[in-house]
Amino acid sequence: MRTLLITGPGGSGRTTVAAATALTAARDGTPTLVLSADRTDSLGAALGVVTGARPVPVEPGLTAWRPDAAAGFRDDLAAFQSRAAGVLDLLGAARLDAEEVTPLPGAEELALLRALRDAALSERFELLVVDLPPAPQALALLSLPEELRRYLRRLLPPERQAARALRPVLGRLAGVPMPAEWLYETASRWDVELAAVEAVVADRATAVRLVAEPGPAGAEAVRTTALGLALRGLRTESLVATRVLPESAADSWLAGPVAQQRKTLDEWQETHTVHPAAHLGRDPRGADDLAALAVPGVNPEPTPVEWPVTDRLAEDGVLVWHLPLPGAIRDELDLVRRGDELVVTAGQFRRIVPLPSALRRCTVDGAALREDELRVRFVPDPRLWPRER
């Protein structure tokens, strides 16, 4: 199944574009599910149906789903209280009833990740269109599975579970209580669930469609978002320019906005596949309005993002790791080698990536930004590199 993630600046019309994209794909014969995490039913308003905790059919081939974050949060809290009953009773803690629990900030995003995992495992659909939150929150959300798995591995390494039979003895010798069995089981379950979500995001068939209104603010938002996506290894499939004014308006009092939009569109077309969506003069509502936007379906042949390592040992004595970072600014880049990981900072974004196996036996020799690509040079460490006979 292919997955198309849709995001953009707040107020850019990303939910409308997600609905229009899903509608186009369904009418082209692709069984499609469109997901949204909005607490209000903006997806349903665009589609002309009411969406909620259960998937609802919109028309043949198209299903919409808006997961219930509150229900998921209550279930998680109930499970935690049940697991930690002994500790809570020891502390004299009062249990929370389901009726008094309200979801904390971020619950919608976590519910969306779970729905994303469940939908990807389903065999009912061939395309999953995901209406992500606005770009800054979307980028943080997409990085969450990878980061949480890394934290879990550091805090509760799986290999420590091998000594579970010795844990009571070690606890008496050390004089401190050892982690309970349920803690490791919970961490293992979380790791499996997060791995499933991470696999969907990192899949070669997963792409991102950006949505923005052409103009100075939209142009900066697109540059920043595309850079953050590239650092995550995600491909920008296309860019939908929303609320594009007609050329005929250039002879009216809208001449200034039309010229500004035209300038931004020309710049975008140099680096993106741009699909203009006309300004309808109103908020699109229902299938007819969505069809009038003429938003295309999904590219059937996605081009995955590659971070290749080129061997230049014979010529220059180095291995070069190529990291595509379109829109990166040299002064905002930073690299730190940390064991078998590389901490990459690009502007406001940071990612800790594991080094390919060959590069783990090397030392960093330098880096350069060339043609929107960060090229990191590695020199073999003679203590670790196999010697030629």
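Two strands pair if DSSP finds at least two bridges between them. The legends below apply this criterion to a predicted model.

**Figure 1. Parallel pairing of β2 with β4 within the mixed sheet.** Strands β2 and β4 are joined in the parallel sense by 4 bridges. Within this pairing, L33 has T63 of β4 as its bridge partner. Both strands belong to an open sheet of 8 strands with mixed pairing, arranged in the order β3-β4-β2-β5-β1-β6-β7-β8.

**Figure 2. The salt bridge between D41 and R66.** The closest N and O atoms of D41 and R66 are 3.4 Å apart, and the two residues form a salt bridge. D41 is placed in the loop between β2 (32–36) and α2 (42–47), and R66 in the loop between β4 (62–65) and α3 (69–83), so the pair ties together parts that are 25 residues apart in sequence. Across the whole structure, a search finds 24 salt bridges. Side chains of opposite charge can pair when their charged atoms come close.

**Figure 3. Packing of helices α6 and α9.** Two packed helices are described by the angle between their axes and the distance between the axes. For helix α6 (residues 135–155) and α9, the angle is about 5° and the axes are 10 Å apart. Angles under 35 degrees count as roughly parallel, and α6 and α9 are therefore roughly parallel to each other. The contact brings A135, L139 and L142 of α6 against T225, G228 and L229 of α9. Classified by residue type, the contact of α6 with α9 comprises 4 nonpolar and 2 polar residues, with no charged residues.

**Figure 4. Packing of helices α9 and α10.** Helix α9 (residues 216–231) and helix α10 (residues 255–269) have axes that come within 9 Å and cross at roughly 20°. The two helices, α9 and α10, are therefore roughly parallel to each other. The crossing of α9 past α10 is right-handed. From α9, the contact involves P216, G218, A219 and V222; from α10, it involves Q260, T264 and W268. The contact of α9 with α10 contains 4 nonpolar residues and 3 polar residues, and no charged residues.

Figure 5. An open sheet of 4 strands shows antiparallel pairing in the order β9-β10-β15-β14. Its edge strands are β9 (309–312) and β14, each pairing on one side only. The twist from one strand to the next averages 25°. Between β9 and β10, 4 bridges are formed in the antiparallel sense, and R312 stands opposite V318 in β10.

**Figure 6. Strand β15 and its two pairing partners.** Strand β10 (residues 318–324) and strand β15 (residues 373–380) run antiparallel and are joined by 6 bridges. In this pairing, H322 has R375 of β15 as its bridge partner. Strand β14 (residues 362–370) also runs antiparallel to β15, with 8 bridges between them. Here V364 is bridged to F378 in β15. The strands β14 and β15 form a hairpin with 2 residues between them, and E371 in the turn has a positive phi of about 55°. In a regular strand the side chains alternate between the two faces of the sheet.

Definitions and conventions:
Residues are numbered from 1 along each chain as its sequence is written. This is a predicted model: local features need pLDDT of at least 70, side-chain atom pairs count only at pLDDT 80 or more; totals for chains, interfaces and linings use all residues. Side-chain values use heavy atoms; hydrogens and water are left out. Axes are lines fitted to C-alpha atoms, for helices over the stretch in contact, and angles run from 0 to 180 degrees between N-to-C directions. Angles under 35 degrees count as roughly parallel, over 145 as roughly antiparallel, 65 to 115 as roughly perpendicular and the rest as oblique. A crossing is left-handed if the near helix is turned anticlockwise from the far one by less than a right angle, and right-handed if clockwise. Contact means heavy atoms within 4.5 Å. Ala, Val, Leu, Ile, Met, Phe, Trp, Tyr, Cys and Pro count as nonpolar, Asp, Glu, Lys and Arg as charged, and the others, Gly among them, as polar. A salt bridge is a side-chain nitrogen of Lys or Arg within 4 Å of a carboxyl oxygen of Asp or Glu.
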